[in-house]
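Here is a short report on one protein model. Keep the structure open while reading.

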Amino acid sequence: MVKRFLKRIASVWVTGFLIFLGSLSPFLPFPRSASAASETYAVRWENNDVTEESYAELYSHYFGMTENTICVYRRGMYGMIPTTERFEFVYDTLRTGGLAQLLSLSGEGISRLERLALWREFQGCIFYSAGFFVWNGQKLVEEEGAAGDRVVLLSGSISSSRLQKTGAKSLELRAEAEIDSKTLIGTEIESITACTPYSVSEGAVYLDTGTAVRLIAAVPAVRELSVSGNDYADEGALLAAQNLQSLTLPFAGNAPEYSHYFKGEFAELFSDGKNYSVPASLKKVKITGGLLVSHAFYRCHGVEEIDLCGMNASRIDRDALIDCTGWKRVHAPTARVNLCGTFQTYLADCGCTVFERI
C-alpha cells in the first residue's frame, strides 16, 4: 500500500526532492568507475543508507536528473547519485550551447549511467541549424528527416513545413534563432521556451531589439492569450494562433500611437500581407490602451464581446466597432459608440457604458 501511494504522489513532489538531494551532493561520494562490466555507483537513499550499485542494477530504476544529480526509484524509495564535472559540462552545453559548441562536444569521460541520463533527457530532441542534428549518446550527428517531440532552433530560421514534419510539440529558441509567426503556421507546437533576446509569456513570443520590445508570434495551440509589455507588434504576429478564443491586448493594430508605419486595424495582427485571417473561434477581445481608429475592428464579424475599460474615451473613434456585426456585449468608457443592431445600455460601477444586444 505504501509503495503504491509513493508512486502516485511521485510526480508531484519529486522535483522538490531532487533539489533537496542536489544540495547534499557535495558531501556524497562520487561514482566509482572501472570497466563497463564492473562500473559501480554509490547511491544515498532517502533513509540515508548508502549502497554500492552496478549499472545493470540501476538501469531499470532510473527516474530523472538535475544538473548535478541522477535520481533512481526502487522499492518505493528514491536514491541519489551525484554527477561528475564532465557530465555537468556536457549537460550545460547541450542545454545552452550554439551549433559550433555542440558539434565539438563529446561524451567521452562520463559514466554509463550519466550517458543514460543524457540519452533520456535529449531523446526525441532535435537540434536545427540549416539541418537537423540529434545527440546519439556520444556526440551530435546530422540526421535528415529527424522526428521528435522537441525542436531546438539554434540559429537562422526553419520553414513551417520542415517544422511540421518533425511532429514536434515544443520549440526552444536559442539566441541566434530567427522566427516569425509564419514559422509556426500549421505546426503542432503547444509550448515555446526561449533565450535572450527572445522571451515567452503566456503563449506570446517577444523579441527585445535593444530599443523596443516586439510581439512577433504566439503558440499555435493557445486559446486564451494576454499580451503585455510590447512597444509594437509585427504584422501577422498572431496569425498562427488560429485556436484563440479570448485575447487581451495593450493596443489594437501594430502600435499604440500614430507614426509613419502605424496600422490601427485589430486584424493587422492576423494578416499574411494580403489577407486577414481573424480566427472564427475568437469571441472575446479586451483592449486596454492605444488608439481605436475608425473601422478598427474590420473583418471581426465573429467577435461577440469587446471590453475597452481602461482606455481613454477620447481615443476611441465613434465608428471603431461599426464592422462588428456579431457583437453581443460591449463595455466602453464612452457612450458615443456606433453599433449595428438593437441594444440596451446601462452604466457599470467603473463608470463605463455597457451595451447589450437585444
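Predicted model: local features only at pLDDT ≥ 70, side-chain atom pairs only at ≥ 80, totals over all residues.

Start with a pair of strands. S3 and strand S4 (residues 69–74) run antiparallel and are joined by 4 bridges. Across the pair, Thr 66 stands opposite Thr 69 of S4.

Strand S3 covers residues 62–66. Of its 5 residues, 4 are buried, so the strand is mostly covered.

## Overall make-up

The protein has 358 residues, and 46% of them count as buried. Its secondary structure comes to 7 helices and 22 strands.

The accessible surface is about 17100 Å². Carbon and sulfur atoms account for 49% of that surface. Take the contacts between residues at least 6 apart in sequence: 42% of these join residues at least 24 apart.

## The open sheet

Which strands form the open sheet, and in what order? There are 6, arranged S8-S7-S6-S9-S10-S11, with mixed pairing. Strand S8 (140–142) and strand S11 (191–194) are at the edges. Each has a single partner strand, so one side of each has no neighbour in the sheet. On average, neighbouring strands of this sheet are turned by 25° against each other, direction ignored.

Within the sheet, strand S6 (residues 125–128) pairs with strand S7 (residues 132–135). The pairing is antiparallel and runs over 2 bridges. Phe 127 has Phe 133 of S7 as its bridge partner. Helix H3 packs on the sheet and touches S6, S7 and strand S10 (170–177). The direction of H3 makes about 90° with that of S10.

## Salt bridges

Side chains of opposite charge can pair when their charged atoms come close. How many salt bridges does the structure hold? The count is 15.

Arg 95 and Asp 92 meet through their side chains in a salt bridge, at 3.2 Å from N to O. Both residues lie in H3 (residues 85–96), 3 residues apart, so about one helical turn separates them. Arg 95 is partly exposed, at 31% relative accessibility. Asp 92 is partly exposed too, with a relative accessible area of 31%. Glu 67, Asp 92 and Arg 95 are linked in a network of salt bridges.

Next comes a pair with Glu 172. Its salt bridge partner is Arg 174, with the closest N and O atoms 2.8 Å apart. Are these two residues buried or exposed? Glu 172 is buried, and Arg 174 is buried as well.

The last pair is Glu 235 and Lys 263. Their closest N and O atoms are 3.8 Å apart, and they form a salt bridge. Glu 235 sits in the loop between strand S16 (232–233) and strand S17 (246–249). Lys 263 sits in the loop between S17 and strand S18 (284–287). The pair therefore ties together parts that are 28 residues apart in sequence. Glu 235 is partly exposed, with a relative accessible area of 42%. Lys 263 is also partly exposed, at 38% relative accessibility.

## Arg 115 in helix H5

Arg 115 belongs to helix H5 (residues 112–122). Is Arg 115 buried or partly exposed? Its relative accessible area is 26%, so Arg 115 counts as partly exposed. The buried class would need a value under 20%.

Leaving out residues up to four places away in sequence, Arg 115 touches Ile 110, Gly 137 and Gln 138. Phe 87 is 28 residues from Arg 115 in sequence. In space, the two are 8.4 Å apart, C-alpha to C-alpha.

## Nonpolar cores

The largest nonpolar core has 69 residues. Which residues have the most contacts inside it? They are Leu 247, Phe 266 and Phe 297.

Phe 297 is in contact with a set of residues beyond its neighbours within four places in sequence. The set includes Phe 266, Val 285, Ile 287, Leu 292 and Ile 306. Ala 320, Leu 321, Asp 323 and Cys 324 also belong to it. Another core lies apart from the largest one and has 29 residues. Leu 58, Val 90, Tyr 91 and Leu 113 are among them.

Definitions and conventions:
Residues numbered from 1 in each chain as written. Heavy atoms only, no water. Buried < 20%, exposed > 50% of the residue type's maximum accessible area, 1.4 Å probe, protein only. Contact = heavy atoms within 4.5 Å. Areas by Shrake-Rupley, 256 points an atom, 1.4 Å probe, with all protein chains shown as cover. Pairing = 2+ DSSP bridges. Salt bridge = Lys/Arg side-chain N within 4 Å of Asp/Glu carboxyl O. Axes fitted to C-alpha atoms, helices over the stretch in contact; angles between N-to-C directions. Core = buried A, V, L, I, M, F, W, Y, C linked by side-chain atoms within 4.5 Å.
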